[in-house]
Amino acid sequence: MSTFSLKDTRNIGIIAHIDAGKTTTTERLLYHTGKLYKLGDVDEGTTAMDWMELEQERGITITSAATTCFWKEKRINIIDTPGHVDFTVEVERSLKVLDGAVIVLCAVGGVQPQSETVWRQAERYGVPRIAFINKMDRVGSDFFAGIRDMHKKLGANAQPLQLPIGAESNFKGIIDLVYMRAFMFEGEEENASFKEAPIPEDMKDMASKYRHNLIERLAEVDEHVMDKYVHDGGIYPQEMADILRKVTATGKFIPVLCGSALSNMGMQFLLDAICDYLPSPLDVPPIKGINPRTGNEEVRKPKNDEKLSCFAFKIMSDPYVGKLTFLRVYSGILETGATIYNINKDKEERVGKIVKLHANKQEICNQVEAGDICACIGLKVTRTGDTICEESHPIVFESMHFPIPVISMAIEPKTKADQDKLARGLHKLVEEDPSFKVSYNKDTGETIISGMGELHLEVMVDRLLREFKVGAHVGRPQVAYRETITKTVRTVGKFIQQSGGRGQYGHVVMEMAPAQPGEGVKFESKIIGGAIPREYISSVEKGVVAAARSGAILNYPVTDVEIKLVDGSYHDVDSSDLAFKMAASIAFNDGLKKGASVLLEPIMSLEVVTPEEYLGDVIGDMNSRRAKIESIDQKGNTKIVKGLVPLSEVCGYATSIRSLTQGRATYTMEPSFYQEVPRHIMEKILDGKQ
């Protein structure tokens, strides 16, 4: 049995915009907790958490790495997540199973586009957060601007628990506002330490003001503090720490700390804050799920004596042991050799081995308890988003939201021998990453891979070449268009066959109308009086879903269409599931032609940060790419340009922006929505496909 109780466990993630310093922060935390004996550097490719060769070469995090460390008699399970928007699914699935998160913000950049994305993801899963404003020793750092950014862009109730002493190269310490004491940093990197010191005279008034602000903000979210505040009662530091823990766990309050991960300043205080303010599995509401047999909602408490329930949040291929399935155990005890039940697949699985992970190093253990995170070897059918439970006590947890791929490319094996390797490699990559899709184009005989962006596909191809030793040719990236209708139509589908003996008979009448953007294909039955028997209605829906996979213009998937089944007829003998499926497909395709189908293209949200002297060139280039510029802001001597731009116009944008600004501008881009392609562009696309 574990020596750590659940109340001493923290399951946390480190989330942030690309380059805010997540991986460096994680490395420093591991160094201080004794997990690492030497500090790694992202730029040199020597970090423990970015363990893939690709990650070390590119200096980015691609997969979320998991590890366990210990600090002041607390066990901390840390997941370091990617910052690049192309790997946003890694953040999504990590946040789904975490009890708390540290959002790392850059003291120079403040709240950046991807910071907003990960913040929204954390909000969606109700994950309590603390903020760490990193890079305080960088030129242009501004702690208070970072907090203003959090209020303005994130709408966060964020308040500093620390004030920085100095900034940029003069950043030399912090003032702790809870205990009203100062700490000065000494030494550098591996030899960095700190010592307590009096609060500097010139900062005493400021410290008093910010402590008063902190109490005011706490009073807004806690009645006990409000009572003391109204009656001028004093609040003891330990009392304030307990209240901070309580209000942080509810998500109503975001404590903010500061430091510099690269220079190893303030990391011990961040570890203290993780232990003091982020919740244990006992402090967050117990997980809810649906009992598939009764349809009722059930709750599973994080207790060892409850029935087993786990959630699979990640699959990873290991060259030595095969497939690793990452699980969060919500209740009960999971043991090696146990037979478990996958409710989503309705199949039993056997747990071969259970391992705890430190990046890509593994430690075998016999069992894991409620509230813990582990990886299992030997699970054959379990995929990301599946629920594991006991067959006699079934429960299904809500699965995850995975974005639709926006870009595709063709890939073909160089030789016959590469064909099997390619199929095996693609199968494993699809298992690992639900936002990576593979399809086969019957017309051209090509294998098409689709993903979240150019970098995503680049990385997947790179992994095929390195890990799976596949020889392959790849085509140019192609935009994943969609199709939809623009007017409401009534459409009829009949499938009637008479060929001696039993025939086929299916007849449906449907109304098709444009739906709201992002709604996909919505199907609803309005059949009254049994014109079509109830058992065939699901077949009609299946026929519609199958037909929606390819549209009327260029066979792109159909989206944002509302279908109502309003009438039809059946034959007592000849009607069948197949006949109604075919009739629905005929009606759907006829409706696409009548409904004036149009092409939709993915629109990206683009933010460019550029030195002022290149602003004109950057805007001119964006205008030439059909961009709609939304705002131009100033930060120091740099300009921040925000806009919306069609994905088809920004393939290879990294190279263009580099040459326009001599490599001095940076940009971030993420999928925003789908929009109708202008008529003249659609004609060009059609000409190109002829």
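1. A salt bridge here is a side-chain nitrogen of Lys or Arg within 4 Å of a carboxyl oxygen of Asp or Glu. Glu-431 and Arg-383 pair up in this way, at 3.0 Å from N to O. The two sit in distant parts of the chain, 48 residues apart: Glu-431 in helix α10 (residues 416-432), Arg-383 in the loop between β22 (373-377) and β23 (387-389). Helices (H or I, at least four residues) and strands (E, at least two) are DSSP runs, numbered from the N terminus.

2. A word on the source: this is a predicted model, where local features need pLDDT of at least 70, side-chain atom pairs count only at pLDDT 80 or more, and totals for chains, interfaces and linings use all residues. Residues are numbered from 1 along each chain as its sequence is written, and side-chain values use heavy atoms, with hydrogens and water left out.

3. How buried are these partners? Buried means under 20% relative accessible area, exposed over 50%, and partly exposed in between (1.4 Å probe, protein chains only). Glu-431 is buried at 12%, while Arg-383 is partly exposed at 25%.

4. Another pair to look at is Lys-72 with Asp-272, a salt bridge of 3.0 Å, N to O. Lys-72 lies in the loop between β2 (65-71) and β3 (74-80), and Asp-272 in helix α9 (residues 267-277), 200 residues apart. Lys-72 is exposed at 57%, whereas Asp-272 is buried at 18%.

5. Glu-467 and Arg-463 also meet in a salt bridge, 2.7 Å from N to O. Here Arg-463 is buried, at 6%, and Glu-467 is partly exposed, at 39%.

6. Lys-7, Asp-8 and Lys-74 are linked in a network of them.
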